[in-house]
Amino acid sequence: MRLVASDIDGTILGHDGKISDRTVRAFHACRDAGIELVFVTGRPPRWLHPLEEQLGHTGTVICSNGAVVWDLEADRLVSARTLGIDAVLELRRIIKELRPAALFAAETLTGFHLEPGFIENGSSELLAEFTPAPLAETLTPDDAVVKFLAIVREGTADDFLAAVRPAVAHLASATHSAPTVAMLELSLPGVNKAVTLAEYAKALSIDAADVVAFGDMPNDVEMLRWAGHGYAMASGHPDAISAAGQQAPHFDDDGVAQILEARLAALGIELS
């Protein structure tokens, strides 16, 4: 275990925005033992404050499902893979034909663009600062889109993904990570958490066999397959569970902490 790679939401962070004390201790013990830590999330860089405030993490974070690498300590972009505006508007057209009720948003390197109605009842505090407007009016050729979002109010995310993924495969990689919302996340073709994590590990001369990874949703599938020791949360999506070689206990039972404690103990490291 030379590198621990973990998803954030639903894996170590709950709906209350908290990381448990037990999980914090387990990550600190890994860091103190000289084990590299990297967090691999669908979140954009501006939503990484739980890592800083609760874990004291100041290292690299792989964001936006692998499209962005962010240096948290320096608060700067390391690298990005982006969709062009023409591709984004074509994706919107294709998805709209398949699901006319779909609404859209675009995550760029400098902000967030969302259509009217994308946020139901204005309920998202994280997005309250952004003013809804048609994407064709707010996106410019200079905008670099790292993640394109599509949402519908009926059906499941699995059904939505099954309908959209084959239709847009030539333009984007599609996945989803919201457990109760039918929302898709689309990135540049070939971009996912595993691709960027593999590059990060290679730069540290760490093989996949020495990587322990944790995740819970379809956007973690490739990462869980790639890591030598991929653990899906018992509370996770069936696709993540079937993709992973192993399973961590339920999120509510501090599953990540349990696995890390056991693996550290096997190395002769006991948590204080």
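This is a predicted model: local features need pLDDT of at least 70, side-chain atom pairs count only at pLDDT 80 or more; totals for chains, interfaces and linings use all residues.
Trainee: Which residues line the largest cavity?

Mentor: The lining consists of Phe27, His28, Arg31, Leu37, Phe39, Leu55 and His57. At least two of the lining residues come from helix H1 (21-32), and at least two from strand S2 (36-40).

Trainee: How much space lies in the largest cavity?

Mentor: The largest cavity holds about 40 Å³ of space. The structure has one cavity of 30 Å³ or more.

Trainee: And what is the lining like by class?

Mentor: Four residues of the lining are nonpolar, two are polar and one is charged.

Trainee: Let us turn to the strands. Is S6 mostly covered or mostly open?

Mentor: S6 is mostly covered, since six of its six residues are buried.

Trainee: Which way do S6 and S8 run, parallel or antiparallel?

Mentor: S6 and S8 run antiparallel, and six bridges join them. Within this pairing, Ala105 stands opposite Leu149 in S8.

Trainee: How many bridges join S6 to strand S7?

Mentor: Three bridges join S6 to strand S7 (residues 112-114), and these two strands also run antiparallel. Here Ala105 stands opposite Leu114 in S7. A hairpin through three residues connects S6 to S7.

Trainee: New topic: how many salt bridges does a search of the whole structure find?

Mentor: The search finds 11 salt bridges. One of them joins the side chains of Glu199 and Arg81, with N and O 2.6 Å apart.

Trainee: Why does that pair tie together parts that are apart in sequence?

Mentor: Glu199 belongs to helix H6 (residues 193-203), whereas Arg81 is in the loop between strand S5 (76-80) and helix H3 (85-98), so the pair ties together parts 118 residues apart in sequence.

Trainee: Does Glu199 count as buried, partly exposed or exposed?

Mentor: Glu199 counts as partly exposed, because its relative accessibility is 41%, and buried would require a value under 20%. Arg81 is partly exposed as well, with a relative accessible area of 27%.

Trainee: Which residue forms a salt bridge with Arg99?

Mentor: Glu154 does, and the closest N and O atoms are 3.1 Å apart. This pair links distant parts of the chain: Glu154 is in the loop between strand S8 (145-152) and helix H5 (157-168), and Arg99 is in the loop between H3 and strand S6 (103-108), 55 residues apart. Glu154 counts as partly exposed, at 39% relative accessibility.

Trainee: And what do the side chains of Lys193 and Asp220 do?

Mentor: The side chains of Lys193 and Asp220 meet in a salt bridge, at 2.6 Å from N to O. Lys193 is in helix H6 and Asp220 is in the loop between strand S11 (211-215) and helix H7 (221-226), so this pair ties together parts 27 residues apart in sequence.

Trainee: Is Lys193 buried or exposed?

Mentor: Lys193 is buried, with a relative accessible area of 0%. Asp220 is buried too, with a value of 0%.

Trainee: Which residues do salt bridges that share partners join into one network?

Mentor: That network consists of Asp7, Lys193 and Asp220.

Notes: Residues are numbered from 1 along each chain as its sequence is written. Side-chain values use heavy atoms; hydrogens and water are left out. A salt bridge is a side-chain nitrogen of Lys or Arg within 4 Å of a carboxyl oxygen of Asp or Glu. Helices (H or I, at least four residues) and strands (E, at least two) are DSSP runs, numbered from the N terminus. Buried means under 20% relative accessible area, exposed over 50%, partly exposed in between (1.4 Å probe, protein chains only). On a 1 Å grid over the protein atoms alone, a cavity is a set of points where a 1.4 Å probe fits but cannot get out, and a pocket is an open set with protein on both sides within 12 Å along at least five of seven lines; lining residues have an atom within 4 Å of a point. Grid points are joined across faces, edges and corners, and a volume is the space filled by probe spheres set on the points. Ala, Val, Leu, Ile, Met, Phe, Trp, Tyr, Cys and Pro count as nonpolar, Asp, Glu, Lys and Arg as charged, and the others, Gly among them, as polar. Two strands pair if DSSP finds at least two bridges between them.
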